[in-house]
Amino acid sequence: MNLPNRITLARICLIPIMMFFLLVNFSFYPEPIHWGSFQLSFNHLIAAVIFLLAASTDGIDGYIARKYNMVTNLGKLLDPLADKLLVSAVLISLVELGRCDSLLAVIIISREFAVTGLRQVALLEGKVVAASKWGKIKTVVQIVAISLLLLNNFPFQFISIPVDDIAIWAAALITIYSGVDYFVKNKHLLQLHNS
């Protein structure tokens with residue numbers, strides 16, 4: 001197994017560790033971090049750091065694979081799967097914690113799996129659906145929004161602006177738009193062929 005695929009697998013392995021710190025609340029955790037009106041539990045801070053670490057590996061594994069000609073079929077399968085698992089796990093956890101609206105989580109997760117399905121159809125046809133500009137923007141906005149939700153809107157809580165809520169709504173809208181964009185540009189893949 002080459003280095004990019006190992007990095008991708010590491011991203012998948014970080015998911016249950018992140019969820020442990022996010023959802024399990026044991027008494028041995030240190031006291032929450034207090035700074036004026038701002039409060040953040042220590043375990044959620046660790047979960048946010050793990051999420052950012054995992055999210056950052058997405059660009060790294062792809063860059064290494066392309067630069068050193070290490071692109072493999074396993075990597076093509078694992079990389080998008082790791083992304084979907086990471087985003088889905090953290091959004092479902094945030095819904096459980098009451099920090100994210102379930103409708104927004106369903107919209108974002110549904111789009112991720114719909115586009116993955118489209119890519120699978122393309123592969124069956126011997127074609128590759130490349131990441132679009134809107135797909136890349138969507139990824140960045142999702143990471144920013146999720147990070148803000150994990151960090152209790154830090155640092156914007158100090159100025160009482162709900163940037164975390166604004167960012168997750170923006171992520172949902174961009175997610176919808178980028179999903180529609182993928183399907184419109186690749187609608188030929190969904191046409192039924194006469195047998």
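**The largest pocket**

The largest pocket holds about 1,300 Å³ of space. There are 45 residues lining the largest pocket, and Asp58, Asp79, Pro80, Asp83 and Ala131 are the closest to its centre. Some terms, then. On a 1 Å grid over the protein atoms alone, a pocket is an open set of points where a 1.4 Å probe fits, with protein on both sides within 12 Å along at least five of seven lines; a lining residue has an atom within 4 Å of a point. The grid points are joined across faces, edges and corners, and the volume is the space filled by probe spheres set on them.

Before going on: this is a predicted model, where local features need pLDDT of at least 70 and side-chain atom pairs count only at pLDDT 80 or more, while totals for chains, interfaces and linings use all residues. Residues are numbered from 1 along each chain as its sequence is written, and side-chain values use heavy atoms, with hydrogens and water left out.

Which helices supply at least two residues each of the lining of the largest pocket? They are helix 1 (3–23), helix 2 (42–67), helix 3 (73–96), helix 4 (102–124) and helix 5 (133–150). Helix 3 gives the most, with 10 residues. By type, the lining divides into 22 nonpolar, 11 polar and 12 charged residues. Here nonpolar covers Ala, Val, Leu, Ile, Met, Phe, Trp, Tyr, Cys and Pro, charged covers Asp, Glu, Lys and Arg, and polar covers the others, Gly among them.

**The chain as a whole**

The chain has six helices and two strands, in the order α-β-β-α-α-α-α-α along the sequence. Both are DSSP runs numbered from the N terminus: helices are H or I with at least four residues, strands are E with at least two. The C-alpha trace spans about 65 × 35 × 25 Å along its principal axes.

Of the 195 residues in the chain, 42% are buried. Buried means under 20% relative accessible area, exposed means over 50%, and partly exposed is in between, with a 1.4 Å probe and protein chains only. Among contacts (heavy atoms within 4.5 Å) between residues at least 6 apart in sequence, 75% join residues at least 24 apart.

Start with helix 4, which contains Arg111 and Val115. Is Arg111 buried or exposed? Arg111 is buried, because its relative accessible area is 8%. Its side chain reaches the backbone oxygen of Thr175 at 3.5 Å. Not counting residues up to four places away in sequence, Arg111 touches Gly135, Lys138, Thr175, Ser178, Gly179 and Tyr182.

Val115 counts as buried because its relative accessibility is 1%. With residues up to four places away in sequence left out, Val115 touches Gly179, Tyr182 and Phe183. The C-alpha atoms of Val115 and Phe21 are separated by 30 Å, and the two residues are 94 apart along the chain.

Next is Asp181, in helix 6 (residues 163–185). Asp181 has a relative accessible area of 12%, so it is buried. Its contacts include Ser132 and Trp134, again not counting residues up to four places away in sequence.

Leu190 is partly exposed, because its relative accessible area is 44%. Leaving aside neighbours within four places in sequence, Leu190 is in contact with Leu118 and Phe183.

Notes
Polar contact = N/O pair within 3.5 Å; in protein donor to acceptor, adjacent residues only side chain to side chain.
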